[in-house]
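Welcome, and thanks for taking a look at this one with me. Below are a few points to read alongside the model.

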Amino acid sequence: MTDSAARYLDHFDLDVTLRDAALDEQNRPTRRMIANAAIGMHVEDAFYSVRELREAVSWIHEGEQGGKRKLASILSNPAGDDFQRCIYFCLAGRGVVEMIDDLMWLEELLEARGRIAGEMRRRKLKARALVRPYVADEPDGPVVSMSEDFQQGQSWWADPGLSA
């Protein structure tokens with residue numbers, strides 16, 4: 001790495017790819033929404049939160065035992081993660097295949113963001129400070145029921161190529 005590249009990275013915005021994705025009109029609206037929702041989130045927290053959510057939704061879609069319990073626990077945990085709920089509800093009702101696709105897309109963006117942050121730490125370079133998107137450390141407001149016996153709506157079964 002050249003000295004000029006290192007100086008650039010010293011002021012690097014870890015959210016630049018998320019900002020670009022959020023503004024890219026070629027991305028579908030759900031992707032733009034979830035990219036915006038991830039801006040400012042702690043690097044590791046964002047990645048692992050999206051990964052856990054994607055796994056739960058995938059397990060349900062694949063008929064894995066415990067998938068519905070996992071999703072219900074994510075959405076209903078009173079000490080849980082408002083970020084995960086935000087991501088889920090940005091995608092809810094859009095069709096499970098599209099939901100999983102969007103979660104995988106965001107997970108890839110966040111993984112790359114984490115790799116860059118890790119490389120910067122190894123080189124002892126500092127990134128621009130992340131601006132916290134949440135004003136409180138705990139969830140605020142009502143949460144979803146913990147019942148894993150929730151009813152799956154039409155978006156879980158609809159053909160993504162069909163529209164009403």
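Is Arg28 buried, partly exposed or exposed? Arg28 counts as partly exposed, because its relative accessibility is 27%; here buried means under 20% relative accessible area, exposed means over 50%, and partly exposed lies in between (1.4 Å probe, protein chains only).

1. Some ground rules come first. This is a predicted model, in which local features need pLDDT of at least 70 and side-chain atom pairs count only at pLDDT 80 or more, while totals for chains, interfaces and linings use all residues. Residues are numbered from 1 along each chain as its sequence is written, and side-chain values use heavy atoms, with hydrogens and water left out.

2. Now follow Arg28 to its partner. Its side chain meets that of Asp102 in a salt bridge, at 2.6 Å from N to O; the term stands for a side-chain nitrogen of Lys or Arg within 4 Å of a carboxyl oxygen of Asp or Glu. Arg28 sits in the loop between helix H2 (16–23) and helix H3 (29–38) and Asp102 in helix H7 (residues 96–122), so the pair ties together parts that are 74 residues apart in sequence. Helices are DSSP runs (H or I, at least four residues), numbered from the N terminus. Asp102 counts as buried, because its relative accessibility is 1%.

3. Next, please look at helix H4 (residues 43–61) and helix H5 (residues 67–76). They pack at an angle of about 145°, with axes 7 Å apart; axes are lines fitted to C-alpha atoms over the stretch in contact, and angles run from 0 to 180 degrees between N-to-C directions. On the H4 side, the contact includes Leu53, Val57 and Trp59, and on the H5 side it includes Leu71 and Ile74. Contact means heavy atoms within 4.5 Å. By class, seven nonpolar, one polar and three charged residues take part; Ala, Val, Leu, Ile, Met, Phe, Trp, Tyr, Cys and Pro count as nonpolar, Asp, Glu, Lys and Arg as charged, and the others, Gly among them, as polar.

4. Lys70 is partly exposed at 26% relative accessibility, and Glu52 is partly exposed at 25%.

5. Finally, the structure holds 17 salt bridges. One of them joins Glu119 and Arg123 at 2.5 Å, N to O. Asp13, Asp15, Arg19, Arg113 and Arg128 are linked in a salt-bridge network.

Technical notes: Helix = DSSP H or I, 4+ residues; strand = E, 2+ residues; numbered from the N terminus.
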